[in-house]
Amino acid sequence: MPPDSPLPAFDAAYAPDDATLAAALIAAMPRDPAGEARIDTTATGLIAAIRAGDHHLGSVEAMLREYALSTREGLALMVLAEALLRVPDAATADAFIEDRLGQGDFAHHRIKSDALLVNASAWALGLSARVVQAGDTPQSTLAALAKRIGAPAVRAATRQAMRLLGNHFVLGETIDDALARAQAHGAGGARYSYDMLGEGARTQADAERYYASYARAIEAIGRTAGNAPLQARPGISVKLSALHPRFEAVSHDRVMRELTPRLIELARQAKHHDLGFTVDAEEADRLELSLEVFAACLADPSLKGWDGYGLAVQAYQKRASAVIDHVDALAQRFDRRLMLRLVKGAYWDTEIKRAQERGLDDYPVFTRKAMTDLNYLHCADKLLRLRPRIFPQFASHNALTVASVRELAGDSDGYEFQRLHGMGEALYARLRAEHPELECRIYAPVGGHRDLLAYLVRRLLENGANSSFVAQAGDDTVPVAELLRRPEEIIGAPNDARHPNIPLPRDLFQPQRQNSRGIEFGDRAALQRLVSEIDAARRPLPRITPATPEDAAAAIVAARDGFADWSRTPADTRAAALVRAADLLEQRRANFIALLEDEAGKTLDDCVAEVREAVDYCRYYATEGRRLFGDGVVLPGPTGERNTLRLRGRGVFVAISPWNFPLAIFLGQVTAALMAGNAVVAKPAEQTPVVAEAAVRLLHESGVPRAALQLVQGDGAIGAALVAHRDVAGVVFTGSTEVARAINRALAAKDGPIVPLIAETGGINTMIVDATALPEQVADDVVASAFRSAGQRCSALRLLFVQDDVADRMIEMIAGSARELTIGDPRDPATHIGPVIDAEAKAKLDAHAAKMTREASVQFAGTAPTQGNYVAPHVFELRDASHLTEEVFGPILHVVRYKASDLDDVLATIARSGYALTLGVQSRIDDTVARIVDRLAIGNVYVNRNIIGAVVGAQPFGGSGLSGTGPKAGGPHYLPRFALEQTLSINTAAAGGNAALLSEQD
Ligand SMILES: Cc1cc2nc3c(=O)[nH]c(=O)nc-3n(C[C@H](O)[C@H](O)[C@H](O)COP(=O)(O)OP(=O)(O)OC[C@H]3O[C@@H](n4cnc5c(N)ncnc54)[C@H](O)[C@@H]3O)c2cc1C
């Protein structure tokens, strides 16, 4: 390939089928009996060393086993470790410690090891547990603590235990400390790769700070690196997510433009000192982007002649082998040697969750650990064959994996093993005692306590999970033979390559229904396909003529005529029409997305989510409808009669929906009413008539008779005319509280039957953040909740309460993160915030922002394009929550600080507002969460996550008070509210007596 031709794209399938992969992997695995015997011998020796080494080398591992994750104490310990060190104020720290220690039985843990650490931790935790009794209130417990040993003593001891734990896994708080410690340890010539800990940048300032810390570290490492040849020299590992605040697939162009030069600069520095320089592997959706940045840096001519550049590859990813081929091709193309670190992967649980949430066709990672282990060996074999162009680095603490790699290598040249600092000491000490020629590098995290938490949790998970080798090897009850079972033996047949308890994302809700199909934007081919389909589907928006009041009346009459047939149509047939509609929606996803983008100004991710929600509504109500509207429920009663309770349609339902979810809410209302056997007259928002028309066409095509579903376009006056019609049997409405009230009054003013109203309105939604929350997570969740969809969701966050001890840092991170959002054309996948719905909305929001700029403290003022209905995102800090008196339906967030001791006042303020739609709580203290949930009857409460994007069937949505009447959309109580109940009692003995009773056998 000529050197100036474009770099090849990495285009391996994102989530291929497990069975196909398994068949190939099993068939390709070289196994010869003599080699297998050698693997057994080596691995057995290594396991023996791990088991014997507990009391001196593996003390932390011993402690982690003592508090394994399968125990309440272990889980409590992990959460404690994750948050305690970042809590600045004593009161929250004490409440947190008490909350966690109250969950376990630390006092009765027998100390099995005499290691200092185990003693210290068990002492601290055990002591605390003895004074914290289950059932004590925080106040009484704290009082008791203070009386006996004093809360500060408990806090100090627990913090100390956590620090010891951190110190075990982190080589130093600064690079100089770490280098000094490595020097002290490294008399035996240990190799190190340093890793600067951190959570990934959320702000530009974070990214600059991480960059500076990498640059400083490279200089410091370089200064002390000595004269050894490259492969024996120290190195550094960098995380791309630390170097850019939006390291994500949709921000591709920006990442390539801004991040690549930063990486090249660091690599040049590493080259200058002839150090190893490895790009860490992160989440699967970032793989393609990582590879592109990696390749662009490799291509930089200034790095020519340096062999220290490298990449980590995760064997749990189904694309691992393809990554190796791709990187090898790059190495050939640029005539370079590269270092490739093979790991299994640290984000497995996150990957499974993300794929399920995104509704992907399959997982990008394996679901059985043995598949990861097998793939690791396959990749190891491949890497070893690519020597010396590739210098393989095998990172594992698994004795069988290590022994197998050693056997595959056959010799000790041109590769090394790697382990994490604080783990695997005994294993590698034994390996090197037997094979001194084998090299093992230590991956050494460096960072202060604030930065080590996420890393610590990963290690606790790794050590404590039942499936982990470290946990099993440390458990003497697990026979060595079990640990020596080869992965292909564990897998069995290729068809068993998937974990039986981890359903495919589309089967998440089976056997009830199929999950809606989503897309992974990190799968570039899928994203490009979708974008092309949308472009091809785009048409100029037609002009829609609004209905006249006469049209509206005629639609009601037509629906009334259609009602009789439709309500008699079997529930199964009605449900089948909805399922067909769901399938058609998925097939025509691109058409609907094009309409949503063009008519409602929605961004691509919002459009995908909206189509999915609409699909889920159709399938969910179909399933619920079959359950509820079949033959009815037979009720108990005296002999000789049959009593049945059944549900049936009420008549004509008027469905009035908003513009912010012109497809999902529109279809949600309409399909629920139809499934319940009603005829429907649907009145969409006047801003989004075209989406509604397409949705109605689709329902008609799916088998809903025209007479049963009438569409009436128009503004509020037409809605009012529909509501006022005497033949209306029910109204379902989503929109503002004022309009809901007007509808309610109009219905009440009518003579005739009392007509039910199902209303979902908005709210001043809040989130409470205490000092135990993780700032990065808070920033992600707040920014998504407040600014996604330009804040035009009824669930969006309007008012954030932050504990004042951590408020400065939290607000700074939220503002910094908001600053990185791209505002612009919603048709561009890189856009995070599109326009607001119309000029009127923009004027209102701009006026509010101007008022707040005068009256509140501006924490962030974004910029927005001047052409179009764009509103710049803002964060205002208010002195008092009472300054926000109404829902502000746009990208404007209000923040209020609160004192930990005043949490009850915050709750009272929220309760007083009268709104009760969504609430977020960010806290690691279960007791605090329980207290808030108990006190506030808010419809949807979200803990340690964002507060938007309720999933049909999983998070039924809707509030109470000023926020709506209930029942919840997408929940089990929704359909019955659209129906009448009918009890049918038949005297079965009327004709000819009670034959059934008389036929009873004696
Ligand atoms: C030097 C070094 C550098 C590292 N750098 C990175 C990095 O850049 N990126 C990164 O992601 N990780 C990195 N890691 C972490 C690494 O991924 C874990 O330490 C490793 O997975 C543990 O594997 P093991 O062979 O020691 O243990 P084992 O117990 O044999 O394997 C545990 C691993 O198996 C996998 N697994 C567990 N359950 C399942 C399942 N049901 N289905 C499929 N797979 C499963 C997971 O990957 C899990 O971590 C690094 C580790 C080391 C030692």
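Histidine 874 is buried, since its relative accessible area comes out at 11%, and the cut-off for buried is under 20%. Keep in mind that this is a predicted model. In the chain, histidine 874 belongs to strand β19, which covers residues 874–877. What does histidine 874 touch once its neighbours within four places in sequence are set aside? The list is Phe787, Ala849, Phe860, Ala861, Pro891, Ile892 and Leu893.

Now jump to another buried spot, glycine 308. This residue sits in the loop between α13 (287–298) and β4 (309–314). Glycine 308 has 0% relative accessibility, so it counts as buried. Again leaving out neighbours within four places in sequence, glycine 308 is in contact with Leu230, Leu275, Gly276, Phe277 and Met339.

Next, a pair of helices. Two packed helices can be described by the angle between their axes together with the distance between those axes. Take helix α27 (residues 604–628) and helix α28 (residues 664–675): their axes come within 9 Å and cross at roughly 10°. That makes α27 roughly parallel to α28, because angles under 35 degrees count that way. Which residues do the touching? From α27 come Glu610, Glu613, Ala614, Tyr617, Cys618, Tyr621, Ala622, Gly625 and Arg626, and they meet Ala664, Leu667, Gly668, Thr671, Ala672 and Met675 of α28. Sorted by class, this contact of α27 with α28 has nine nonpolar, three polar and three charged residues.

An open sheet of three strands runs in the order β9-β10-β25, and the pairing is antiparallel. Why is one side of β9 and of β25 left without a neighbour in the sheet? Both β9 (633–635) and β25 (979–987) stand at the edges with a single partner strand each, so one side of each has no neighbour there. On average, neighbouring strands of this sheet are turned by 25° against each other, ignoring direction.

Zooming in on the β9 end, three bridges join β9 to β10 (residues 641–649), with the two strands running antiparallel.

Notes
Residues are numbered from 1 along each chain as its sequence is written. This is a predicted model: local features need pLDDT of at least 70, side-chain atom pairs count only at pLDDT 80 or more; totals for chains, interfaces and linings use all residues. Side-chain values use heavy atoms; hydrogens and water are left out. Two strands pair if DSSP finds at least two bridges between them. Helices (H or I, at least four residues) and strands (E, at least two) are DSSP runs, numbered from the N terminus. Axes are lines fitted to C-alpha atoms, for helices over the stretch in contact, and angles run from 0 to 180 degrees between N-to-C directions. Angles under 35 degrees count as roughly parallel, over 145 as roughly antiparallel, 65 to 115 as roughly perpendicular and the rest as oblique. Contact means heavy atoms within 4.5 Å. Ala, Val, Leu, Ile, Met, Phe, Trp, Tyr, Cys and Pro count as nonpolar, Asp, Glu, Lys and Arg as charged, and the others, Gly among them, as polar. Buried means under 20% relative accessible area, exposed over 50%, partly exposed in between (1.4 Å probe, protein chains only).
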